[in-house]
Amino acid sequence: MPVSRELFRAISSSFPTGVVIIATLDDHGQPKGLTSQAYVGLSTEPPLMLVSIDRASRTLPALQRRRAFVINFLKAGAEDVATLFASKADDKFKDVSWDPSPEAGGAPILRGLSLAYAACRVTEIYDGGDHVMFIGSVEAGEALGGTPLMYYKRAYAAWPEERPAPPVEGTS
Ligand SMILES: Cc1cc2nc3c(=O)[nH]c(=O)nc-3n(C[C@H](O)[C@H](O)[C@H](O)COP(=O)(O)O)c2cc1C
């Protein structure tokens, strides 16, 4: 018999992760996005990333239709924005500066809040229980550096030490 929801959550929350904002555009060109920790760097060659979105997410229909998204890997200091994007607020982007990604159908890049970002085009969509998994081909991105924002036991914290960003070629 599968474990209870409580045990599943207790197990999951024992794993500290980074925090991302997955962002896209809806059919009206309005930005949509949510806070997530279910990110997988799936494949290097070809470069693929996987994200997992709750069926109840209001961003989900836009992702399914636009079939493109940006994964914004958050820096420490972005806790309030992470909390906002984990909410059901109507216009999460109202006070957030963003640039459209030409490689990801105009999906929002949150450069000022991010350590790095990856602009993805959806190649596959799979069922995942009460979530939907999107595999994206990474078409563009940047590694900007900074101190990561972490999530552990349902609370945010900065990664405890500074590290320089690794040198990367071909980051556009
Ligand atoms: C740290 C953290 C990680 C989360 N990870 C995910 C995730 O991987 N997938 C998901 O669908 N929701 C995740 N959520 C919940 C969504 O952010 C939340 O349901 C949000 O309200 C969805 O917004 P939307 O309905 O506008 O898309 C996470 C929330 C937090 C605080």
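Biologist: Which residues are closest to the ligand, and how many surround it?
Modeller: The ligand is surrounded by 16 residues, and the closest are Ser-36, Ala-38, Asp-54, Arg-58 and Thr-59. The model is a predicted one: local features need pLDDT of at least 70, side-chain atom pairs count only at pLDDT 80 or more, and totals for chains, interfaces and linings use all residues. Residues are numbered from 1 along each chain as its sequence is written.

Biologist: Which elements give two or more residues to that shell?
Modeller: Those elements are S3 and strand S5 (48-54). Strands are DSSP runs of E with at least two residues, helices are runs of H or I with at least four, and both are numbered from the N terminus.

Biologist: What is the shell like by class?
Modeller: It has six nonpolar, seven polar and three charged residues. Here Ala, Val, Leu, Ile, Met, Phe, Trp, Tyr, Cys and Pro count as nonpolar, Asp, Glu, Lys and Arg as charged, and the others, Gly among them, as polar.

Biologist: Turning to the sheet, what is the strand order?
Modeller: Seven strands form an open sheet in the order S3-S2-S6-S9-S10-S5-S4, with antiparallel pairing. Two strands pair if DSSP finds at least two bridges between them. Strand S3 (31-36) and strand S4 (39-43) are the edge strands, each pairing on one side only.

Biologist: How many bridges join S2 to S3?
Modeller: Six bridges join strand S2 (residues 20-25) to S3, and Ile-21 stands opposite Thr-35 in S3.

Biologist: And what does S10 pair with?
Modeller: Strand S10 (residues 131-143) pairs with S5 over seven bridges, where Ser-137 is the bridge partner of Leu-48. Strand S9 (residues 114-128) is joined to S10 by 12 bridges, and Ala-118 stands opposite Gly-141. In the hairpin of S9 and S10, two residues lie between the strands, and Gly-129 takes a positive phi near 60 degrees.

Biologist: Which residues have the most contacts inside the largest nonpolar core?
Modeller: Phe-69, Val-70, Ile-71, Leu-74 and Cys-120 do, in a core of 37 residues. Such a core is a set of buried Ala, Val, Leu, Ile, Met, Phe, Trp, Tyr and Cys residues joined through C-beta atoms within 7 Å; buried requires 20 or more other C-beta atoms within 10 Å of the residue's own, all placed from the backbone.

Biologist: What is Cys-120 in contact with?
Modeller: Leaving aside neighbours within four places in sequence, the contacts of Cys-120 include Met-49, Phe-69, Ile-71 and Ser-137. Contact requires C-beta atoms, placed from the backbone, within 7 Å.

Definitions and conventions: Near = placed C-beta within 6 Å. Buried ≥ 20, exposed ≤ 12 C-beta atoms within 10 Å, placed from the backbone. Contact = placed C-beta atoms within 7 Å.
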